[in-house]
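These are my notebook entries on a structure that I opened for the first time. I set down what I looked up, in the order in which I looked.

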Amino acid sequence: MIITESLTKHFGSTVAVDSVDLEVREGDRYGFLGPNGSGKTTTVRMLLGLVFATSGRARVMGAEVPQGLQHVLPNVGSLVEGPAAYGNLHGRLNLELLDAAGPRSSTTTRRRRIEDALERVGLSAIDRRPVRAYSLGMRQRLGIAAALLRQPSLLILDEPTNGLDPQGIREIRDLLLTMNREGTTLFVSSHLLAEVEQLCTRVGVLDAGRLVLQEDLATLTAATGRVLVRTPDVPEALTLLGRRVERVDGDRLTVAGASVSTLVPDLVAARVRVDDVREERPSLEDVVLSITSNGDDRIAGLGP
C-alpha cells in the first residue's frame with residue numbers, strides 16, 4: 001500500500017527526512033513513531049503530495065507520488081496536522097464543501113456518506129453551531145469524519161486522537177479496528193506509544209529523520225526468555241536459583257533461562273513465597289525509548 005525508497009527531504013541545509021524505506025502492506029495497522037521533530041509529519045505530507053521529496057521515490061497504492069496520486073486519492077482518507085475547517089460554518093456544511101471539491105464526488109450519495117461518517121466518529125447529533133465553537137476534541141472528530149467520507153481503502157492519520165479524552169480515544173481506536181477488519185489499511189503517525197501498542201500490528205520508528213526500526217509489533221514485544229519474580233524470600237530464592245539470577249532489585253529478581261511453568265514448581269517445592277511471577281516482555285515504550293534520542297521540544301536541564 002505504501003512503499004518508499006530512499007525518501008529524502010531537505011529544507012535548506014536541514015535534513016528533515018533521510019533515506020527512508022517504508023513498507024506498509026495491505027491490511028496492516030501500521031504505527032509510525034518517533035520523537036517530536038523526527039520527520040514523521042514531513043514524511044506523511046510527502047506521501048500525500050503536499051510536500052515534494054528532495055530525492056528518492058514513493059508509491060501509494062501502486063501509484064507514483066506525486067505524479068499518479070490523482071488516480072488513487074479518491075481511495076485514500078487522511079488527516080494531517082490537525083483538522084482544517086471553515087470556522088464560521090457548521091460541521092455538516094464543511095463536510096459537504098469538502099466532498100464537493102474532491103475527485104469523483106457523488107451528489108446522490110453525499111448526504112448518506114456524511115451522516116454515516118458523523119455517526120462513526122460520534123457526531124451524529126451535531127447541531128448547526130459554527131466549527132469555531134467546537135471543542136478541540138469535536139474538531140478532531142470532524143477531521144476524522146472528513147477522512148472517512150469516501151470509505152477509503154487506505155487511511156493516513158497524523159495524531160488522530162489529539163485533543164480527545166480517554167473515552168474518545170477508545171472510541172476512535174475501536175472505530176479504526178473495525179475499519180481495518182472491514183478491509184481498510186491503517187497508517188497512523190502518533191507519539192502515544194501505549195495507544196499504538198493497542199492498535200497496531202506493525203511499527204516503523206523515525207529518529208532524526210532516519211528509519212531506525214521497522215518490524216511487526218509481536219516480534220518487538222516477544223518474551224525475552226527471562227522471568228520476573230517478586231518474593232519476600234530473596235535469600236532463599238537466590239540460594240535456589242544461583243547464577244540464573246541476573247539482577248536483584250529489592251524484592252524483585254530477574255531470572256534467565258527459565259519459564260514460568262518450570263520455575264514456579266521449583267519455588268513452591270523450596271517453600272519460597274512468591275507474590276508475583278511473569279515472563280519478561282518489553283513494552284513498545286521500552287523498545288522506542290531504547291533506540292531514539294530526545295525530541296526537539298526537550299529543554300536541557302529538565303527531566304531525568
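**Entry 1: the sheet**

I looked up the sheet and found an open one of 6 strands, in the order 7-8-9-4-10-11, with mixed pairing. I note that the model is predicted, that local features need pLDDT of at least 70 and side-chain atom pairs pLDDT 80 or more, while totals for chains, interfaces and linings use all residues. Residues are numbered from 1 along each chain as its sequence is written, and side-chain values use heavy atoms, without hydrogens and water.

Strands (E, at least two residues) and helices (H or I, at least four) are DSSP runs numbered from the N terminus. Two strands pair if DSSP finds at least two bridges between them.

Strand 7 (76–79) and strand 11 (210–216) are the edges; each has a single partner strand, so one side of each lacks a neighbour in the sheet. Neighbouring strands are turned against each other by 10 degrees on average, direction ignored.

I then followed one pairing. Strand 8 (residues 154–158) runs parallel to strand 9 (residues 185–189), and 5 bridges join them. L157 has V188 in strand 9 as its bridge partner.

**Entry 2: two helices**

I looked up how helix 5 (residues 136–148) packs on helix 6 (residues 166–181): the angle is about 10 degrees and the axes are 12 Å apart. Axes are lines fitted to C-alpha atoms, for helices over the stretch in contact, and angles between N-to-C directions run from 0 to 180 degrees. The two helices are therefore roughly parallel (angles under 35 degrees).

On the helix 5 side I listed R141, I144 and L148, which meet G168, E171, I172, L175 and M179 of helix 6 (contact means heavy atoms within 4.5 Å). By class, this contact has 5 nonpolar, 1 polar and 2 charged residues.

**Entry 3: aromatic rings**

How many aromatic pairs does a search of the whole structure find? The search gives 2, where ring centres must lie within 6.5 Å.

The rings of Y30 and F187 are 5.4 Å apart at their centres with planes at 25 degrees, so this pair is stacked (planes under 30 degrees apart). Y30 belongs to strand 4 (residues 29–33) and F187 to strand 9, so the pair ties together parts 157 residues apart in sequence.

I record Y30, F32 and F187 as one aromatic cluster.

Note on methods: Angles under 35 degrees count as roughly parallel, over 145 as roughly antiparallel, 65 to 115 as roughly perpendicular and the rest as oblique. Ala, Val, Leu, Ile, Met, Phe, Trp, Tyr, Cys and Pro count as nonpolar, Asp, Glu, Lys and Arg as charged, and the others, Gly among them, as polar. Rings of Phe, Tyr and Trp (its six-membered ring) pair if their centres lie within 6.5 Å; planes under 30 degrees apart count as stacked, over 60 as edge-to-face and the rest as tilted.
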